[in-house]
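Please read the following explanation alongside the sequence and the coordinates, taking the chains one after the other and then the place where they touch.

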Amino acid sequence: MIEKTGMTDARKSLYFHLGLIGALFILQFILPAYHHGNLARIMVLACYAMGYNILFGYTGLLSLGHAMFFAAGMYGMGLPMVHLGWTPEPALISAIVVGVVVSAGIGFLALRTSGVSFMIVTLMFAQAGFLTILYFGEWTRGDEGFVIKQAERVMAGFDLSQPTNRYNAALILFSICLLLTIRLVHSRFGRVMIAIRENEERTHMLGYDVHFHKWMAVIMSGTMAALAGAAYALLFGYAGATFASVQYSIFPLLWVLLGGAGTALGPFIGTLFMFYLIDLSSSFTTAYMLIAGLALVLLTLFLPQGLVGEFRRKVVPWLS
Amino acid sequence: MLELTSVSSGYAGAQVLREVSLSLNAGEIVCILGRNGAGKTTMMKTIMGLLKASQGQIIFNGTDLTAIAPHKIAGCGIGYIPQGRRLFSELTVAENLEIGLMAGGKSAATRDKVLGMFPRLAERLDQRANTLSGGEQQMLATGRALCLEPQLLLLDEPTEGLQPSMIALIRDTVVELKKQGVGILLVEQRVDAVLSIADKVMFLENGMNRDVMSADHLRDNPDILKKYIGV
């Protein structure tokens, strides 16, 4: 009976998310050019947030250094293309490898701490990464960043600088990350991640190697963030140190909290909401962050589980 | 089955357990009695590796538990139900049991056996653990530990805050497990509940083992209770 119920809920949740992917595909034919471009950017940033959600939302580890992983993918993609003349295919592999190596290394060291110390250690590592990018400005062009030429952004015969191709590439990446997240949540490993979030000591006592599972969660989370960084560099043709700054470590936390930590769709909804909140409010006032901040406070007060979290609690309890 | 020899342990800078020794055999119920702060829970946590023993040996079926990684101790066949149950509150009853089954690599047959012991859980499989009553939560915590099919079960105040019918159910479950050959180490404040099922009683005071005796002897000499725990 357990298996039957679990599968039914999992299938409902899968269909729901597949429906969303279908809706996003159709939207490209409806949206005006401006929002078309925005949505492509939001989908890539949502992948970054989904990576963050694996660690924070499902495993309960709050990192303040995820910009380091995003930047690892971004520079892992951009530097070989610009300096070594690599095509996007091997550069993408390079970005993923860099993402795995950086997250494995940082995770190994940072997980020697926990709680507030883990937050501070990840923040410090990210700041070290940010300063390293600035230090090697001769190659990275520091704050100014560098552009990946339009002619080089061709993958498998598709010109990714062209809006439709870019949108669909972002959608493919988004779909992969979303379905991977759902698969992960319903897997044995995902259950243990949630158990760790709920009660680390108890999980340990049941015989699970909590440290190993947390390390794997950091690697998966960091690699997904790196993949998003690589896609951002490739699709929008730019890599810069701003993406390694502390602000970009805070963003995914906000997006996930807004959308709903521990929900597969929450990171996307949170990113979408925040993106348009800033976009719209900045057209009225230069103090747009004040409006964004106020909206965040209100949401936190009245929807503590985030937009999707509350939706799941009240309407669709089977949502992953 | 379980042999503690001169075990000491505690928290950073504060020794709580002082050279405690105890032996427990298969199918035996040993109860630890003592006042608050005597070191009962510390003893449980030390056996499970949550606290490192600063001295002594803990041997379980020939394996020195102080020499292996804490997360491997459950795999040796020891189930632990801590005080306050410590469920995965956001997970459903089914998912809580599943976590236990996966940890022990057990099959659906084990789950069905557990659900057979606690039919009420079978009716609430899709319910989140934090919405269960106190008694149901204790059933779930016990059921999840039994999903590991342990040879030894450590129970820390399992009847705390439960209504009489639930206490009776937990007691019957413990007796049934004993019949199946499971060794049980029980921390309990309710002396009446303990004396009716325990084989052996150990008194802890200020982290030291003051006395170990048969439950029968304690039943015949109630003054001993007054001496050690003031009841």
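In chain A, among contacts between residues at least 6 apart in sequence, 78% join residues at least 24 apart, where two residues are in contact if their C-beta atoms, placed from the backbone, lie within 7 Å. This is a predicted model, in which local features need pLDDT of at least 70 and side-chain atom pairs count only at pLDDT 80 or more, while totals for chains, interfaces and linings use all residues. Residues are numbered from 1 along each chain as its sequence is written, and chains are lettered from A, with ligands numbered from 1, in the order in which they are written.

With 320 residues, a compact globule would have a radius of gyration near 20 Å, and the 19 Å of chain A agrees with that; the radius is taken over C-alpha atoms, and the globule rule is 2.2 Å times the number of residues to the power 0.38. Buried residues, those with 20 or more other C-beta atoms within 10 Å of their own C-beta atom, as placed from the backbone, make up 48% of the 320 residues in chain A.

The secondary structure of chain A comes to 14 helices and 4 strands, which are DSSP runs numbered from the N terminus (helices H or I, at least four residues; strands E, at least two). The axes of helix H11 (residues 247-259) and helix H14 (residues 306-314) of chain A come within 3 Å and cross at roughly 25 degrees; axes are lines fitted to C-alpha atoms, for helices over the stretch in contact, and angles run from 0 to 180 degrees between N-to-C directions. H11(A) and H14(A) are therefore roughly parallel to each other, a term that covers angles under 35 degrees.

In chain B, 6 strands form an open sheet of mixed pairing, in the order E6-E7-E8-E3-E9-E10, and two strands pair if DSSP finds at least two bridges between them. Strand E6 (78-81) and strand E10 (208-214) of chain B stand at the edges with a single partner strand each, so one side of each is left without a neighbour in the sheet. E6(B) pairs with strand E7 (residues 152-156) of chain B in the parallel sense over 4 bridges, and B:Ile81 stands opposite B:Leu155 in E7(B). Helix H6 (residues 164-179) of chain B lies across E3, E7 and E8 of chain B, running at about 150 degrees to E8(B).

Where the chains touch, the contact takes 19 residues from chain A and 23 residues from chain B. On the side of chain A that touches chain B, H8(A) gives the most, with 5 residues.

Notes: Parallel < 35°, antiparallel > 145°, perpendicular 65-115°, else oblique. Buried ≥ 20, exposed ≤ 12 C-beta atoms within 10 Å, placed from the backbone.
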